[in-house]
Amino acid sequence: MSVFGKPRAGSLGPERLIHSSIPEVNVAILGCRGAGKSEDTYTSEETVDQQPILLKVMDTADQDVPRNCKRYLSWAQAFLVVYGIDDRRNFEGCSQYLEIIAHHAKETQHDYPVLLLGNKLDMAQYRQVAKSEGMTLASKFGCLFYEVSACLDFEAVQHVFHEAIREVRREQEKNMPSRPLFISEERSIFHQAPLTAKHGLPSCTFNTLSTVNYKEMPTVAQAKLVTVKSSRAQSKRKAPTLTLLKGFKIF
């Protein structure tokens, strides 16, 4: 069983993994011997904030000091550093892992989410490391801090991994290049369509102002001539009639 209390990678068939379009997050679990790690690699399909995620976990098998760090530094997107609250030497070894991760982040100029986890909360009666000490160490390296019991509290452990996934998402969003703002340049186009005088009316010019995206206007020959007659009172004053071309639009 994995730290989630679920079957390991075999639960997801290889065909499903290959063809899956679910985004992936790689998390490496680091810590000295005796911290309660399972020292294995497994995959679990999780749902975090209503979004499916394929969580890949590398549970490293270091003894008392970090070794062969490249295998997880170049692979992981987030790190979970674990110690047993019942073992002070175990806790002191976490500083080495946190320093290695900090150095890697500086070299790559990339921030990696790091969570410090005090395990074996069910062994609180044998506690050698105070919770405040764990919080102080986490604050020193700027990482999140939790205390759990991997063997008794499945939901608490799952919450820690889900927080790691959220941190990875936040980091990805922060590093996502901003989309350029495209502003289309509008050019004014001036059209003049001379109208031939008819019925004794003086000739006039119909002017329109349009943008680049303008509709094709009908030619004068295709336009339908519509005459709007004036009232009798206007006729007595010999007011000119108004001539419109149907089909013309101002936009």
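1. Basis. The model is predicted, so local features need pLDDT of at least 70 and side-chain atom pairs count only at pLDDT 80 or more, while totals for chains, interfaces and linings use all residues. Residues are numbered from 1 along each chain as its sequence is written, and side-chain values use heavy atoms, with hydrogens and water left out.

2. Overall. The chain has 7 helices and 10 strands (DSSP runs numbered from the N terminus: H or I of at least four residues for helices, E of at least two for strands). Of its 251 residues, 35% count as buried (under 20% relative accessible area; exposed is over 50%, partly exposed in between, with a 1.4 Å probe and protein chains only).

3. Contacts. Take the contacts with a separation of 6 or more: 68% come from residues 24 or more positions apart (contact means heavy atoms within 4.5 Å).

4. Cysteines. The whole structure holds 0 disulfides (a disulfide is a pair of cysteine sulfur atoms within 2.5 Å). For Cys-143, the closest cysteine sulfur is in Cys-94, 9.5 Å away, which is too far for a bond. Cys-143 is buried, at 13% relative accessibility. Cys-151 is exposed, at 57%.

5. Ala-28. This residue sits in strand 1, residues 24-30. Ala-28 is buried because its relative accessibility is 0%. Leaving aside residues up to four places away in sequence, Ala-28 touches Met-58, Tyr-72, Trp-75, Ala-76, Ala-78, Phe-79 and Leu-80. Arg-71 lies 43 residues from Ala-28 in sequence, with 9.9 Å from C-alpha to C-alpha.
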